[in-house]
Amino acid sequence: MSAPQLPGHPHVHYQQDQLQVEGCDLGELASLHGTPLFVYSKASMLGALAAYQRGFAGRNARVCYAMKANSSLAILQLFAKAGCGFDIVSGGELARVLAAGAQADKVIFSGVGKTRTEMAVALKAGICCFNVESEAEIDVLNEVALGLNLQAPISIRVNPNVDPKTHPYISTGLKGNKFGIAHERTLMTYQRAAALAGLRVVGIDCHIGSQITEETPYLDAMDRMLDLVESIEAAGIPIHHIDFGGGLGINYNGDTPPAADALWHKLLVKLDARGFGQRQLMIEPGRSLVGNAGVCVTEVLYMKPGEQKNFCIVDAAMNDLPRPAMYQAFHTIVPLQYSPTQPSTEVFDVVGPVCESGDWIGHGRELAVKAGDRLAVLSAGAYCMSMSSNYNSRPKAAEILVDGTNSHLIRQRDEFADQIRGEKLL
């Protein structure tokens, strides 16, 4: 029996029954660096980016990586060298982008709760644009810009009330979400912003959610956005760029999202038909660039049979992989060594050592596993390391970037001194 095709294929695959990322054996990396261990494929990330770049060939477009998905410096550096801009949501993320060698004028600042300090730092750095998310933020940003004798370039994030058909925690474009300006208030908000001396209107922005696997929500949102652009420009306010956000899903468990280039072919046909084909475009993909590029390797600590459930206790936990605990997310879990003959399996809940009942990695998984074996949690490149913590005073995992047969340590595993740096005894 041949090994299965995995999420992350072809860069995550079995070679001679050993799980590899590109040309590196995950078992060997785990022996060298310990577990839990995050391993990323450079080729996977650049290949995902290339699909967007193909989709925008010949267009005035910029791909701004939504770095909240994975903010490790080496990954930011990789995307900066590949020509990406960046979508940030905090002052800390701006500092990371600049530390990775990216240009401030390719940065878009999103987020509903920007502080005055963050605004000032971003203005002084000379970022491309603020995606403004409330009418109150417009007033504060205007005050901060005037205080620095600067003008803040802005686009307004529109909430188009389009259902992205995804988990409610990662839906951002419905009326009940906290993000953006309501569709019906958009024109008056633009008129208000255009009258303020500290602001300069440059664009319009929309982001409807994450892990979207259908094309219809994007097509619906585009129509609503273009209707608004027409009404705003009819009121005498030019819109220089249109930002359609991100949110394209990946394959976690047999999901079949459209390919980025195929999706954008359809969107650009609609854009052309409505006369906006030459407008500057921006998009903000995150998960779709890094999600399937990453694997978390974990070691089985104990097998714990029970009357109602069998537990496979591993050394990765909710502090390393927060997505299952946070919104019941599914990650494929596979052994590092594939057996071509069907081994005897049992059904387990794969759980971590953290003292929370919510500390689980996968429910009801069929595995042939024993203590000391290693497992790989797939599709772990997005919203895992960037959301990780030191809960239970656990060290943050090490990270490896694989480039063919070469592997690079891009984050050392925490030591105790890293965890208590900044703390003071009385």
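In this predicted model, Thr-298 sits in strand S14, which spans residues 294-304. With a relative accessibility of 1%, Thr-298 counts as buried, because it falls under the 20% cut-off. Its side chain makes a polar contact of 2.6 Å with the side chain of Asp-315, and the side chain of Thr-298 also reaches the backbone nitrogen of Ala-316 at 3.0 Å. Beyond four places in sequence, the residues in contact with Thr-298 include Thr-35, Val-314, Asp-373 and Leu-375.

Turning to charged pairs, the structure holds 21 salt bridges. One of them joins Asp-87 and Lys-68, with the closest N and O atoms 4.0 Å apart. Asp-87 belongs to strand S6, while Lys-68 lies in the loop between strand S5 and helix H3, 19 residues away. Asp-87 is buried at 3% relative accessible area, whereas Lys-68 is partly exposed at 31%.

Another salt bridge brings together the side chains of Glu-233 and Arg-279 at 2.8 Å, N to O. Here helix H8 supplies Glu-233, and Arg-279 comes from the loop between helix H9 and strand S13, 46 residues apart. Glu-233 is partly exposed at 29%, and Arg-279 is buried at 19%.

Glu-399 and Arg-411 also meet in a salt bridge, at 2.6 Å from N to O. Glu-399 lies in strand S20 and Arg-411 in strand S21, so this pair ties together parts 12 residues apart in sequence. Shared partners, in turn, link Asp-223, Asp-227, Glu-230, Lys-270 and Arg-274 into one network of salt bridges.

As for confidence, the mean pLDDT of the protein is 93, but pLDDT stays under 50 over residues 166-175. Where pLDDT is low, the predicted coordinates should not be read in detail.

How values were computed: Residues are numbered from 1 along each chain as its sequence is written. This is a predicted model: local features need pLDDT of at least 70, side-chain atom pairs count only at pLDDT 80 or more; totals for chains, interfaces and linings use all residues. Side-chain values use heavy atoms; hydrogens and water are left out. Helices (H or I, at least four residues) and strands (E, at least two) are DSSP runs, numbered from the N terminus. Buried means under 20% relative accessible area, exposed over 50%, partly exposed in between (1.4 Å probe, protein chains only). A polar contact is a pair of N or O atoms within 3.5 Å; within protein, one must be able to donate a hydrogen and the other to accept it, and residues adjacent in sequence count only if both atoms are side-chain atoms. Contact means heavy atoms within 4.5 Å. pLDDT is the predictor's confidence in each residue, from 0 to 100.
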